[in-house]
Amino acid sequence: STDGDISLTTIHVADSKTFADLRLFEGERFDETFDNGWEAEYLPCDGRTATLYAETEIGKMAVLATPELEGTQVGFAPGQEMAYTFTFAGGTGEYYLNDIKTQKSALIQEGNTYSFEYENGDAANRFYISRTAIDAPAVGTGIDNTQSAVKVQKFIYQNKLYILRNGVLYDATGKVVK
């Protein structure tokens with residue numbers, strides 16, 4: 001959905017009985033602080049259903065309003081089942097949901113889906129949003145990192161440090177993760 005300069009994308013995760021949604025607003029009017037009236041904090045539940053949230057500098061969010069979705073970490077906690085499917089509503093097809101564990105990506109676009117299995121011990125931060133698919137070939141264009149704002153996030157997944165910079169995932173040594 002688009003309202004002037006604001007777009008709304010919904011990521012829906014479901015098992016065979018329950019579901020949860022994460023709403024992502026993107027627009028120039030938003031910033032990295034809490035946007036009152038647009039955003040909602042994530043509240044943990046009792047574990048009967050899966051949960052989905054955006055990891056931000058201000059905490060876990062159930063509804064996120066941001067100037068750019070690039071680099072957004074998507075947190076996931078399972079319910080009582082192990083098989084889940086993401087379904088996307090809205091979205092312009094310019095972002096991917098990347099799965100660090102499986103090294104696969106799903107285009108965030110109306111009607112697209114991505115199915116995965118949760119295993120005990122999986123990290124909550126195994127998903128992130130980027131304009132680059134995780135399995136995209138690394139091709140030097142000569143214009144890398146020319147934008148003025150560089151968005152960098154560091155996180156640990158399965159006891160390994162990863163760095164997400166402008167949608168590209170690196171390991172602790174600086175190598176691009178494939």
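User: In what order do the strands of the open sheet of three strands stand?
Analyst: This is a predicted model, in which local features need pLDDT of at least 70, side-chain atom pairs count only at pLDDT 80 or more, and totals for chains, interfaces and linings use all residues. Residues are numbered from 1 along each chain as its sequence is written, and side-chain values use heavy atoms, with hydrogens and water left out. Strands are DSSP runs (E, at least two residues) numbered from the N terminus, and two of them pair if DSSP finds at least two bridges between them. In this open sheet the pairing is antiparallel, and the order is β13-β14-β15.

User: Why is one side of β13 and of β15 left without a neighbour in the sheet?
Analyst: Strands of a sheet pair through backbone hydrogen bonds, either parallel or antiparallel. β13 (152-157) and β15 (168-171) each have a single partner strand, so one side of each is without a neighbour, as both stand at the edges.

User: Which residue of β15 is the bridge partner of arginine 165?
Analyst: Strand β14 (residues 160-165) runs antiparallel to β15, and four bridges join them. In β15, the bridge partner of arginine 165 is valine 168.

User: Which residues form the covered face of strand β11?
Analyst: In a regular strand the side chains alternate between the two faces of the sheet. Strand β11 (residues 113-117) has an uncovered face with Thr113, Ser115 and Glu117. Its covered face consists of Tyr114 and Phe116.

User: Which residue stands opposite tyrosine 114?
Analyst: Strand β8 (residues 83-90) pairs with β11 in the antiparallel sense over five bridges. Opposite tyrosine 114 in β11 stands phenylalanine 86.

User: Is threonine 9 buried or exposed?
Analyst: Threonine 9 is placed in strand β2 (residues 6-14). Not counting residues up to four places away in sequence, threonine 9 touches Leu22, Arg23, Leu24, Leu69, Ala89, Gly90, Gly91 and Ile108, where contact means heavy atoms within 4.5 Å. Relative accessible area sets the class (buried under 20%, exposed over 50%, partly exposed in between; 1.4 Å probe, protein chains only). At 6% relative accessibility, threonine 9 counts as buried.

User: With which side chain does the side chain of serine 130 make a polar contact?
Analyst: Serine 130, in strand β12 (residues 127-130), is buried with a relative accessible area of 0%. A polar contact is a pair of N or O atoms within 3.5 Å; within protein, one must be able to donate a hydrogen and the other to accept it, and residues adjacent in sequence count only if both atoms are side-chain atoms. The side chain of serine 130 reaches the backbone nitrogen of threonine 132 at 3.0 Å. Its side-chain partner, also at 3.0 Å, is glutamate 70.

User: What kind of aromatic pair do phenylalanine 116 and phenylalanine 127 form?
Analyst: Rings of Phe, Tyr and Trp (its six-membered ring) pair if their centres lie within 6.5 Å, and planes under 30 degrees apart count as stacked, over 60 as edge-to-face and the rest as tilted. Phenylalanine 116 and phenylalanine 127 are both buried. The ring centres of phenylalanine 116 and phenylalanine 127 are 5.1 Å apart and the planes are at 65 degrees, so the pair is edge-to-face.

User: Over which residues is the pLDDT below 50?
Analyst: The pLDDT is the predictor's confidence in each residue, from 0 to 100. The chain averages 85, and 88% of the residues score at least 70. Where pLDDT is low, the predicted coordinates should not be read in detail. The pLDDT is below 50 over residues 141-146.
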